[in-house]
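Here is a short briefing to read alongside the model. Have the viewer open and follow the side chains as they come up.

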Amino acid sequence: MFKHLMPKQTPPLLPIALVGEAILGQTAITVHHFDAELAHLAEQMSASMEAAKGVGIAAPQVHSPLALFIMASRPNERYPDAPNMAPVVVVNPQIIHASSDLVGGEEGCLSVPGQRFNILRHQAIEVRYQNLQGEWQQAELTGFIARIFQHEFDHLQGITLLERSRMPEQAQSISAKSIEQGEAQ
């Protein structure tokens, strides 16, 4: 009778998969059913991400094989300079175009706790994805928001931050950065 007066309950938090767990190495599967079950998963993912102080989370990180992630940038302890943006549920994402300029930035990952890496990402990307109603969206993303999208997109390809940090193009950037820092000392 007084449900509208009751505070909204937080959905149960989902356990976060850690690097080394098989689900994180698998390619996510395309979502075909846009229903209440998918919306509930997104709600649980969002609550789990907020509790862990993340700015994004992908379905494989919560042991779901679906091609789904959430971006929700906001300043927090892990990313004090993050811009504010309303949470966005991204289903079946595609990167249509990526700028040639790569920019380094520090990243952490909920599945690789306690570690941070300087990772090169495209400065700007054009993306296409579906929302929770299955409607196609298109957007141009830059800077930190583009970085979040690319990080979460990697999870859907079975690539963790740890693996991304070991890719040849990342090693070249780390070597160049080490040389620059060595010269500055």
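The charged end of arginine 128 sits over the ring of tryptophan 136, 3.8 Å from the ring centre. Here, a charge over a ring means NZ of Lys or CZ of Arg within 6 Å of the ring centre and within 35 degrees of the ring normal. Please keep in mind that this is a predicted model, in which local features need pLDDT of at least 70, side-chain atom pairs count only at pLDDT 80 or more, and totals for chains, interfaces and linings use all residues. Residues are numbered from 1 along each chain as its sequence is written, and side-chain values use heavy atoms, with hydrogens and water left out.

**Confidence**

- The protein chain has an average pLDDT (the predictor's confidence in each residue, from 0 to 100) of 89, and 88% of the residues score at least 70.
- Over residues 174–185 pLDDT stays under 50, and the model has two contacts (heavy atoms within 4.5 Å) beyond four places in sequence for them.
- Where pLDDT is low, the predicted coordinates should not be read in detail.

**Overall layout**

- Four helices and seven strands make up the pattern α-β-β-β-β-β-β-β-α-α-α along the sequence; these are DSSP runs (helices H or I, at least four residues; strands E, at least two), numbered from the N terminus.
- Of the 185 residues in the protein chain, 43% are buried; buried means under 20% relative accessible area, exposed over 50%, and partly exposed in between (1.4 Å probe, protein chains only).
- Among contacts between residues at least 6 apart in sequence, 65% join residues at least 24 apart.

**Salt bridges**

- The whole structure holds six salt bridges, each a side-chain nitrogen of Lys or Arg within 4 Å of a carboxyl oxygen of Asp or Glu.
- Glutamate 106 pairs with arginine 116 in a salt bridge whose closest N and O atoms are 2.9 Å apart. Because glutamate 106 lies in strand 4 (residues 102–109) and arginine 116 in strand 5 (residues 112–122), the pair ties together parts that are 10 residues apart in sequence.
- Arginine 116 is partly exposed at 33% relative accessibility, and its charged end also sits over the ring of tyrosine 79, 4.6 Å from the ring centre.
- Aspartate 154 and arginine 121 form another salt bridge, with the closest N and O atoms 2.9 Å apart. This pair links distant parts of the chain, helix 2 (residues 143–156) and strand 5, 33 residues apart.
- Both partners are buried: aspartate 154 at 6% relative accessibility and arginine 121 at 4%.
- Glutamate 169 bridges to arginine 164 at 3.2 Å between the closest N and O atoms; glutamate 169 is partly exposed at 33%, whereas arginine 164 is buried at 14%.
- A network of salt bridges links Glu107, Arg121, Arg147, Asp154, Arg164 and Glu169.

**Aromatic pairs**

- There are three aromatic pairs, counted when ring centres of Phe, Tyr and Trp (its six-membered ring) lie within 6.5 Å; planes under 30 degrees apart are stacked, over 60 edge-to-face and the rest tilted.
- Phenylalanine 69 lies in strand 2 (residues 68–71) and phenylalanine 149 in helix 2, so the pair ties together parts that are 80 residues apart in sequence.
- Relative accessibility is 0% for phenylalanine 69 and 0% for phenylalanine 149.
- Phenylalanine 149 and phenylalanine 153 are stacked, 6.3 Å centre to centre with 15° between the planes; both lie in helix 2, four residues apart, about one turn of the helix.
- Phe69, Phe149 and Phe153 form one aromatic cluster.
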